[in-house]
2 protein chains.
Amino acid sequence: MSVTTKDLARICNVSRTSVVRALNNQKGISDSTRKMILDKAEELGYRTDMLAKGLAQGKTMYIGVVVFDVRNRYFAQMLSAIENEAKSEGYFVNITLHEKNKDQEKELIQRLLDYRVDGLILSPVSKDEEFAEYLRTLQVPYIIIGNKVASDIPYVGIDEMKAAMEATRKIAEKNYEKIVFVCPPLCDIEKENIYTHIQRGKGFQKAMQLYPHIDAEIIASWNYKNEALQILKSSKERTAFFCSGDEYALDLMKCFRGEGLRSPKDYGIMGFDNIDTLLYIEPKLSTTDNAVEEVGKQAVRLLFKSLNGQEIPLKNMVDYSAVEGETI
Amino acid sequence: MSVTTKDLARICNVSRTSVVRALNNQKGISDSTRKMILDKAEELGYRTDMLAKGLAQGKTMYIGVVVFDVRNRYFAQMLSAIENEAKSEGYFVNITLHEKNKDQEKELIQRLLDYRVDGLILSPVSKDEEFAEYLRTLQVPYIIIGNKVASDIPYVGIDEMKAAMEATRKIAEKNYEKIVFVCPPLCDIEKENIYTHIQRGKGFQKAMQLYPHIDAEIIASWNYKNEALQILKSSKERTAFFCSGDEYALDLMKCFRGEGLRSPKDYGIMGFDNIDTLLYIEPKLSTTDNAVEEVGKQAVRLLFKSLNGQEIPLKNMVDYSAVEGETI
DNA sequence: TTGAAAGCGCTAACAG
DNA sequence: CTGTTAGCGCTTTCAA
């Protein structure tokens, strides 16, 4: 087995307290004994047992992250950002995943707490009041990213609605006669937390009010490819699709291409998120960058503040940015 | 604070030992007291402190995973697989990330050990003998995925060489006059563990020996786009590119498209890995599926065997499969 | 069937 | 400056 403070104490002929003082750089110990102990520790490859330390101190320097589905680019990019930011403060990150399952979600949070994480970063798929209530009972600080749960629960993200409004206006100003908001998650509104998509939808509708002469339509179905195709083929108007996620846009583009239709010639299309798959896509998709890495970074920073006992704002907005493409 | 076994004992008027026996489903306790304790535990929302349990038992039911760069699709897909498989055995997974940094890599392993994980799954960027030696000293079972470190260190992956050979032959049989193996990581051979890419390269070369009349070339540079373009433009032969990763293939396709060149008309191209970005790409890229999810799953299974004291094979091969596309 | 006591490796309050 | 002691919450051996 590995060497403990007890071993070090015995070997160095000092008390365990002295060993601790040396290891943790505390005062109340002479430089010579400190050096002696540290040298010996180094020599024997001493390593702090974080379990024991955590148990004794009541904190673990561990933060837990719960997200659904890393296969989603969105999360993959964010996780790196979170990990890096936390590391810079000496914290360790425990990333856990589930597949949009509410029970699993809660279970993961529980298990992280069982392991006594000091704080949590969550991107929940749950949103019901019961879940909000559950969160409120948690004994550790936490912060929500992406899918807001309730307004009294700390949250960091971008202003989805405003971003969607601006995107919509960009499309509208290109003289399309019809704009279709494509948002399949909307049909899961009862089942999941799709806050971001709802906000984007609101932004779309709000913006469209400024353009009464433009036809507005919404597709809220996982059969969106067929529905969109239907619309595009049957209408004589210049049509653009505003998709609530880049993946939907890419899917549509592929589908339309199969019918010989090209953007921007035959239709306009815009995504949302700016996932990095777009790098390989031609024509370059117009979209909105959701600043996912910055969101992750901010989440960690806010959590640290919280851990240090500081009050943090409930609503934290990060800047998004429009990405010019060739499809509008 | 939360309720402990001590609290339960006091409240139920029994000893802590009895509480433990009830909670852990051990025998040596009457059904009635057991029920009484469990009911009370439930009522008070008792939760085992895994830190204390881990400390006392010397095992944590935790497995650590170290990978570089989740932004890579390869890992994102694999992590889900690992998490799911581990969960099914009651283990908890701690995923940690770094950015191809050897020091960070070792540091992460150390920290996971400090938190006393029971086992490790690693996809290392290091490969030197020193690292291998370091791994051999670890006191917990571990398994390597993807980048093999040494032949005495347990490893799970696909037969990269054989897969690359078969892919090469597929290309060769389409009557190309020149085949270029595009493998930028090869120029990092001194810096990183690029075992998989090396194996793919060997497979390519071995296969090409069977086709002496076909021109074979290798690009081992991060300037591969320009070099490939150069080759394609300057040679009159029917040329195909065999890329050691789908991303390189997508990059080339985009670059060539910019020059008005299309696959398969103007050149052939094949990728490797079958990343899911391919879903959105047209024409459909021919590639090899590296069975990444199965690899992750197997890694967990093998680790469990190891945790249970069983011997595991050092070399564990998972089946890959060719993916027919339109670009060859 | 039940309980007392020691211990996992560390920290922290208090004394010398 | 140094050491003694108790304790974090759980497990485990041994005795009743």
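A crossing is right-handed if the near helix is turned clockwise from the far one by less than a right angle, and left-handed if anticlockwise. This is a predicted model: local features need pLDDT of at least 70, side-chain atom pairs count only at pLDDT 80 or more, and totals for chains, interfaces and linings use all residues. Residues are numbered from 1 along each chain as its sequence is written, with chains lettered from A and ligands numbered from 1 in written order.

**Stop 1: two helices of chain B.** Select residues 5-12 (H1) and 31-44 (H3) of chain B. Helices are DSSP runs (H or I, at least four residues), as strands are (E, at least two), numbered from the N terminus. The two axes, lines fitted to C-alpha atoms over the stretch in contact, come within 10 Å and cross at roughly 120°. Angles run from 0 to 180 degrees between N-to-C directions. H1(B) passes H3(B) in a right-handed crossing. Now show Leu8(B), Ile11(B) and Cys12(B) against Met36(B), Ile37(B), Lys40(B) and Ala41(B), which make the contact (C-beta atoms, placed from the backbone, within 7 Å).

**Stop 2: DNA strand C.** Select the 27 residues around DNA strand C (C-beta atom, placed from the backbone, within 6 Å). Thr4(A), Ala52(A), Ala56(A), Ser15(B) and Gly28(B) come nearest. H4(A) gives the most to this surface, five residues.

**Stop 3: chain A against chain B.** Here 33 residues of chain A are in contact with 33 of chain B. On the chain A side, S2(A) gives the most, with six residues.

Note on methods: Contact = placed C-beta atoms within 7 Å.
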